Amino acid sequence: MKRSALSHTITGYATAVLAVAAADLLRKVLHALGDSGISPLFFAAVIFSAWFGGLGPGLFATALSGIATAWVLVPRANTAEGVRDALLRVVVFMVVAVLTSSLHEALKRAAEASRKAKVAAEEASAAKSRFLAMVSHELRAPLVPVSMVM
């Protein structure tokens, strides 16, 4: 792996850690204000990590966010049913986050394929223009002496 690719990979994973930490910090601030919205903050961290770093950091942020969400939700549950509901909520969060990271990666691949197809189409158009100019010149060249005689 090249040095710049390794640096980008490390940066992507570090961004995932920082995004999840920021989501947890914001969760604590909002919890102090009375808001208990946990999943949307961690979901935003996953989306940002997948956008910035790609699939690997997005999945890493998903795992970290799942652990953090479970860390918050499970101790609040007072009954076995409450624990089950909290864990189900974590699992649903993680499934949606994995799908989001995967879809983002597919979108990036499709955009790259589209860019390559556009470049190929522009090259083909330029080749066609050169070919038509050459054929036009070759067809006109033999006709010049004939047109001068008349």
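Is Arg 84 buried or exposed? With a relative accessible area of 51%, Arg 84 is exposed; here buried means under 20% relative accessible area, exposed over 50%, and partly exposed in between, using a 1.4 Å probe and protein chains only.

A word on the basis of all this. This is a predicted model, in which local features need pLDDT of at least 70 and side-chain atom pairs count only at pLDDT 80 or more, while totals for chains, interfaces and linings use all residues. Residues are numbered from 1 along each chain as its sequence is written, and side-chain values use heavy atoms, leaving out hydrogens and water.

**Salt bridges**

Arg 84 has a partner in Asp 85, which is partly exposed at 37% relative accessible area. Theirs is one of four salt bridges in the structure, a salt bridge being a side-chain nitrogen of Lys or Arg within 4 Å of a carboxyl oxygen of Asp or Glu. Three of these contacts look like this:

| Salt bridge | Closest N and O atoms |
|---|---|
| Lys 28 and Asp 24 | 3.5 Å |
| Asp 85 and Arg 84 | 3.1 Å |
| Arg 115 and Glu 112 | 2.6 Å |

Lys 28 and Asp 24 sit four residues apart in helix 1 (residues 3-32), about one turn of the helix. Helices are DSSP runs of H or I with at least four residues, numbered from the N terminus.

In helix 4 (residues 80-149), Arg 115 and Glu 112 are three residues apart, so about one helical turn separates them. Both are partly exposed: Arg 115 at 45% and Glu 112 at 32%.

**Aromatic pairs**

There are four aromatic pairs. Rings of Phe, Tyr and Trp (its six-membered ring) pair if their centres lie within 6.5 Å; planes under 30 degrees apart count as stacked, over 60 as edge-to-face and the rest as tilted. Tyr 13 and Phe 60 are edge-to-face because their planes meet at 65°, with ring centres 5.6 Å apart. Since Tyr 13 lies in helix 1 and Phe 60 in helix 3 (residues 55-76), this pair ties together parts 47 residues apart in sequence. Tyr 13 is partly exposed, at 32% relative accessible area.

By contrast, Phe 48 and Phe 52 are stacked, 6.1 Å centre to centre with 10° between the planes. They are four residues apart in helix 2, about one helical turn. Phe 48 is partly exposed at 39%, as is Phe 52 at 31%. Together with Trp 51, they form one aromatic cluster.

Technical notes:
Helices (H or I, at least four residues) and strands (E, at least two) are DSSP runs, numbered from the N terminus.
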